[in-house]
Amino acid sequence: MRNHYSTVILGVLFMLLSVQLIAQGIRISGRVTSAGDGQPLPGVNVLVKGTTNGVSTDANGNYRLTVPDGSASLLLTYIGIVTQEIAIGNRTVINVQMVEAINELSQVVVTGYNTTQRKDITGSIASVSPEKFKNIPVTSFDQALQGQAAGVQVTQSSGTPGGGINVRVRGSTSISASNRPLFVVDGVPVEDGQLTNREFGGQQDNALALFNPSDIESIDVLKDASAKAIYGSRAANGVVLITTKKGRSNQKTTFSADVQRGMIDMVRRPNLLNATELLDLQREAVTNAGQDPDKLGLIKGVTDGINTDWVKATTRRAIYQQYQLSAQGGNEKTQFYLSGNYRDEEGVQLNNEFGRYTGQFKFDHKATSQLSFGTNITLSRAKNKRVKGDNFLDGVYSGAVKSLPYYSPYDEFGRLYGPKDANYAGFPNFNPVGQALLPRFESYTAKLLAGLYAEYEFIPNLRLRSKVSVDYNNVTEDNFEPSTTAIGGFLTSVGGQGYGDFSNSTYTTLINTNTLTYNFQVASKHHINSMLGFEVLQRQERSGNLQGRLFPSDDFTYITSAGIVDQGSSYRVNSGLISTFGEVRYNYDERYLATLTARFDGSSRFGQSKQFGLFPSGSLAWRISAEPFMKRFTFISDLKLRTSFGFTGNERIGNFQFLGTWASNTYSGSTGVGPAALTNPLLQWERTREANVGLDASFFSGRLTLTVDAYSNLTDKLLFAQPIPQTTGFGSVQGNIGKVSNRGAEVTISTVNIDRGGIRWSTDLNLSRNDNKVVELVSSEPIFRGYTGNGVSNTNVILPGQPLGTFWGLKFLGVDPATGDAIYDDKNGDGRITPDDGQVIGNAQPKLFGGFTNRISWKGIELSGFFQFSYGNRILNFTNQTLLNSGADLQSNQSRKALERWRKEGDISSVPKYVYQSTYNNFLSSRFVEDGSYVRLKNVSLGYNLPKQWITRYKLSNVRIYASGTNLWTLTRYSGPDPEVSTLDGSTTAQGIDFFTFPQVKTVVAGLSVNF
Amino acid sequence: MSRFIQYSLLFILLGVSSCREVLQPQPVDLLVDALVLNEPNDVQPVRIGMYSALRGMAAPIIIAGDFTADYIQFNGTFNDYRELGTKQITAANGAVDALWGGLYRTIYVANFMLENLPKVAGVPEATRKQVTAEARFLRGFANFIGAYTYGDIPQVTTTAQSANRTISRTSRATILASVLADYQAALTDLPDVSSGSTNITTNATFLNKVSCQAAMARFYLYQKNWAKAEELATSVINSGVYKLETNYVDIVTRDFTGESILEVGYNLSDDPGTSTFGLNNILVGRREVIPSNQLVLLLTSAEAGTRQQTITFDSKNLRGSDNGWTVRKYGTASEDNNNIVLIRLAEMYLIRAEARAQLGRQTGATGAVADLNVLRTRAKAPAITTTVQADVLLAVERERVYELAFEGHRWYDLVRTGRVQAVMSAFSSNWNSRYELWPIPQREIQQNPALSGQQNPGY
């Protein structure tokens, strides 16, 4: 601790000393703005001509400078902007407008606690402008990142609205700790992942879906150590910085109204057998097992008398709608942004819906020339009507896919069949239509993200900024399953006569951030930006829930009427982080740039001896294009080479993992304690060592820009619940064991192909490759993850030398044409197929992924097409272990591929013989692993801005109508409904499993946007 | 400027004072190791923890004893039960792993108590003796189940993590000798319980001398020490602490009947519910397994009498391979029938009958047939009349089916009597002699280097 604070004090003293360097003379000040849009230009070099005396403008474009006398003139220079020379004369306030060139170099990039311009960046940061996803009806900004930024892999786990989304920045670094990047909205690390407590099969909710993507001004993804190290112990998985919209100075108040409406449907439906085909198959399976199918009630003409398409019965064409009204404006002193939004997306599954209200307010005020303050407030409330799915037998889509077509959802009186009805297939089939319509599964989520800041400028360019923010999230789950459903009626051990559960959880983060920044120049060519910060973060999780059973009837659906209220709990967990951080950026003559960043974090998640960690990084950049010898290559607008090295960490392992603990347990009405976990006081951060080399280039005045990065990251001290023999009394112990490496390369190319005669055609392409590998583990024994396999241990394995997300199983060698039985590789050669023959059968990591966008505009018409793709990833079609089960049971419908099964000697087929109750042919094997590569037309949209002359008389400044289609076309060899799938939402070690997961949806939307 | 420095320093001081609160929050639902057992008041919670560990292994014991044998037919979706039902058990089976984990969890908590209790000052001597005896009994019981389920197993006698991570198998004979030593030590110090005690719940929930004798009777039966088995069973029966229920249906539908000798209890709030090894969930809720056709025939025969109520029939379930029958011995929390009985008095009559038959004493007031007929009478079933030793032994085997179905005995009985090959081969063509033992769980073989290559034969 002592070290930690002496760093702060030394830093402060250093800054105070350097103030003394400022010279004396006439003080002049002013503001530099862009001639194009009136936006302030930060970072412009203001130099007294012929001297080394100069400064750069601050984030608001302001500068102050002391000059010897009025005869001098100012030279304003800026990369990508026309240089200006201005005589001072007798003025003391000189405001300057500068003309920008066509490039992105002057774009302001948020770097965490600071901002800078794209041209000054020495690390690897990808920026995504909201322009890129304005036509796509995304629920959340993480979804908006899909295919838009190199190195950022985004996978939607399913087509469930408001559902889980996986974001990985430069691969997965961790086995047990979270692999999600740190999401920071307006300076606050916000809740991500799921907020709800109740499981609904694989699909969870997404805390980030509480933000309205339309309120976002910029998204910046920090990718390399230099950019991320300022977030220290939470940065290893990358950092996504979101800045919400704000008003601009000297902008008249403008309003904008947007309406979007559309239709949603499944991308593709599963291919299933009809009743007759299934009956033939089942009879064959029973006959092959030497039994009489008639005795099992499989009678032709009777059993298949009904043919229900369950998927059709449980889905619909859903409606999507969104309405937004916003206002923004400001003067020199005060700026604001205010918006309100309502969005509602029905699920394609019956009774599934995600509706959200959001409000956003941002206010900035400059009280004096030194003091400014402001606030940002995000309010959000969502109502999520959920349905069960995936591995839940009583799911809707999952139930529908499996359900036997021999039964109907409704009886002859139009009543839904219940699970115990004699005319309905019994367990494990539950009427999926009833499971959709009858229960009440409602989650209400409320979010308040609010911050207050004040900033004081002691002397020019020395600023202290202090901000206090809160991220408050509340989720109320209000669930009831009547006695006509699986849980409420069928499973007497749970419900019996209705089952209600109610829970309320709050997740609150309080954060105080204090930064001191000082930018100065030594001589004219040495620019130094320095920043020092101190941050305290406290997170609290409070939760309580209650479950009730035995309701008088299904008319009573709240626990107040329950006969037995026997399950409940409440708890609280606190965690905290205290950090000091700093950054120094140095720039010599715009040619040589260097950045040093470090963060010193203390976390509550580790034992006292391992609580603090230092995460340093450094980077260098060389702007080759600024060298005199490059002047003759006039086609090169900018060329910058950068490299970085540093360390980041991951502390997201849950709380109290270092303690050896005992927890409450019970026995026959008495309460005692039982061992919960083994202690490991030496538990500490995961540490990632990162190295990055990159090149930024811009040619032909920005018509072609290119960014290339290559990186090599190694994470060691992996936080890992190491499995240990249960003879110890425990199954695992937390430790720091093992290493994971991620190496990769990223390319981003943007071109303006045509820009003449009013036609503009631009193209963006990004490509990423990441090689993930487990380098070292505690032992070479496989560590199993995922679902329990049939005939082998598990679906997934963690093995040294293999990437995370590796599938495990038997190796399927084909079907024996003589017997029709599956042939598996007898790996250990013992003549039998046992779990010991399990081996690696593929992995879910893509070899290449990216996005490709084309935009064409002409006379107010805009056409854009956005393709997104993933190549080389495998999918475990675990659904097919049920839908192509070789007769293991007769309780589920089968895939149409079953028609290709082996039937008689000599048949060559990849589908083994169906034998009732035989599990051998259905062992988990490479038979179920498929190529998951795909190219998808993620979005195509056509917009039209009405000509100004039509609208000005209605006092409108812009009217835009557009139509947009999402996921309209997909190219894939995957046999399931959709290749973008992951039943274990958020899982790294068991990603890419399709297990009755609801497929992605396609959406067609029409929209109108009016500005006035 | 100096004011700025002052404020900065003040702020930093504030930061330091809040440091402890931010960085060292206390868990609300966990107790750290060092605080668990260091004063007399801590003994009771840890003692309950030992019994809770016993309860944790109860359901897997039932699954091992009954699902491995010929009582069940698979009717669900869980692969663990598919493997057990269709006799295709692998080392990766979840139940195999769960029982192993449960046994060693119990042994760990018992060893923890045995190691730490002597260090706690101020514990009354009576408490110390009783709790030590309970710990030894529970460790012995876990080892007894382990030895008969897995064969040679690691003998864990300490809580030392590093040693227990690389512990190798010890011969079954040595394990069983340690079981006897634990039982005998427990018998000395467990509390007495008086004849005619009306405290039914306590007598079945917590151990006493008589319940220890009951476990020892079973131990000697398995050891084929007929004389000792008869002696101990007799002393349990004659103790008068436990009494046969008048109506068998109470055994099926009620918790804590008068004949429960050791019963692990759940109540409303800790009911296993839909957990993977929740017996009600498996047998009634999901009907993952249902009674096999041949068991249905046995239980519905006149010989079984009222013990037919162990299973019920519902025509709504009758479809496909489903015979419509459901096991009823494990109810829900709200039916007050969610406990698991590990030992009850009827078993003592069956142990004594078997021991007496093996000793050639079929008839008379102290003969095997008399004991069997005690149960027959209670079940309102016809009395047994045969007197030939071999027939009486078969009658004992059948009577155990009628009386103890789904109480975790069948597989252990068939293996110890040597009847398993004959009975099981007739039941399932998949049966193989390797199933006379369960495999060592796959993960133990992988994680413990001393078990590498030491799997039970055939797996």
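In the predicted model, Asn79(B) is a buried residue, because 24 other C-beta atoms lie within 10 Å of its own, and the cut-off for burial is 20 or more. The residue belongs to α3(B), a helix that covers residues 79-85. When residues up to four places away in sequence are left out, Asn79(B) touches Thr788(A) and Asn790(A). Both of these contact partners carry the chain letter A, whereas Asn79 is a residue of chain B. Within chain B, Asn79(B) and Ile89(B) are separated by 10 residues in sequence, and their C-alpha atoms are 9.9 Å apart in space.

Ile754(A) is part of strand β36(A), which runs over residues 739-756. Its contacts, again without residues up to four places away in sequence, are Ile759(A), Arg760(A) and Trp761(A). Ala697(A) is 57 residues from Ile754(A) in sequence, and the distance between the two C-alpha atoms is 19 Å.

The contact between the two chains was examined next. On the side of chain A, 76 residues take part, and they meet 84 residues of chain B. Five elements of chain A each supply at least two residues to this side, namely α1 (2-19), β25 (526-549), β26 (564-588), β30 (661-667) and β31 (670-677). Of the side of chain A that touches chain B, β26(A) provides the largest share, with 9 residues. By class, this side of chain A holds 34 nonpolar, 37 polar and 5 charged residues. Strand pairing also links the chains: β30(A) pairs with β1(B), residues 30-32, in the antiparallel sense, and 3 bridges are found between them. Thr661(A) has Val32(B) as its bridge partner in β1(B).

Chain A itself was assigned two domains. Domain 1 covers residues 2-100, while domain 2 is made of the segments 131-265, 274-287, 300-655 and 693-1011. The centres of the two domains, taken over C-alpha atoms, are 43 Å apart. Contact between them involves 19 residues of domain 1 and 23 residues of domain 2. On the domain 1 side, α1(A) and β3(A), residues 54-56, are the elements that give two or more residues. The largest share of that side comes from α1(A), with 7 residues. The classes on the domain 1 side are 6 nonpolar, 11 polar and 2 charged residues.

In general, strands of a sheet pair through backbone hydrogen bonds, in either the parallel or the antiparallel sense.

In chain B, two helix contacts share α14(B), residues 345-358. Helix α9(B), residues 209-222, packs against α14(B) at an angle of about 35°, and the axes are 10 Å apart. This crossing is left-handed. On α9(B), the contact is made by Ala214(B), Ala217(B), Arg218(B) and Leu221(B), and on α14(B) by Met348(B), Ile351(B), Glu354(B) and Ala355(B). The contact of α9(B) with α14(B) consists of 6 nonpolar and 2 charged residues, with no polar ones.

Helix α10(B), residues 226-239, crosses α14(B) at roughly 145°, and the axes come within 8 Å. The crossing of α10(B) and α14(B) is likewise left-handed. Residues of α10(B) in this contact include Trp226(B), Ala229(B) and Glu230(B), and those of α14(B) include Met348(B), Ile351(B) and Ala355(B). The contact of α10(B) with α14(B) has 9 nonpolar, 2 polar and 3 charged residues.

Terms used
Residues are numbered from 1 along each chain as its sequence is written. Chains are lettered from A and ligands numbered from 1 in the order in which they are written. This is a predicted model: local features need pLDDT of at least 70, side-chain atom pairs count only at pLDDT 80 or more; totals for chains, interfaces and linings use all residues. Two residues are in contact if their C-beta atoms, placed from the backbone, lie within 7 Å. Helices (H or I, at least four residues) and strands (E, at least two) are DSSP runs, numbered from the N terminus. Ala, Val, Leu, Ile, Met, Phe, Trp, Tyr, Cys and Pro count as nonpolar, Asp, Glu, Lys and Arg as charged, and the others, Gly among them, as polar. Two strands pair if DSSP finds at least two bridges between them. Domain bounds come from an automatic or database domain assignment. Axes are lines fitted to C-alpha atoms, for helices over the stretch in contact, and angles run from 0 to 180 degrees between N-to-C directions. A crossing is left-handed if the near helix is turned anticlockwise from the far one by less than a right angle, and right-handed if clockwise. A residue is buried if 20 or more other C-beta atoms lie within 10 Å of its own, exposed if 12 or fewer, and partly exposed in between; C-beta atoms are placed from the backbone.
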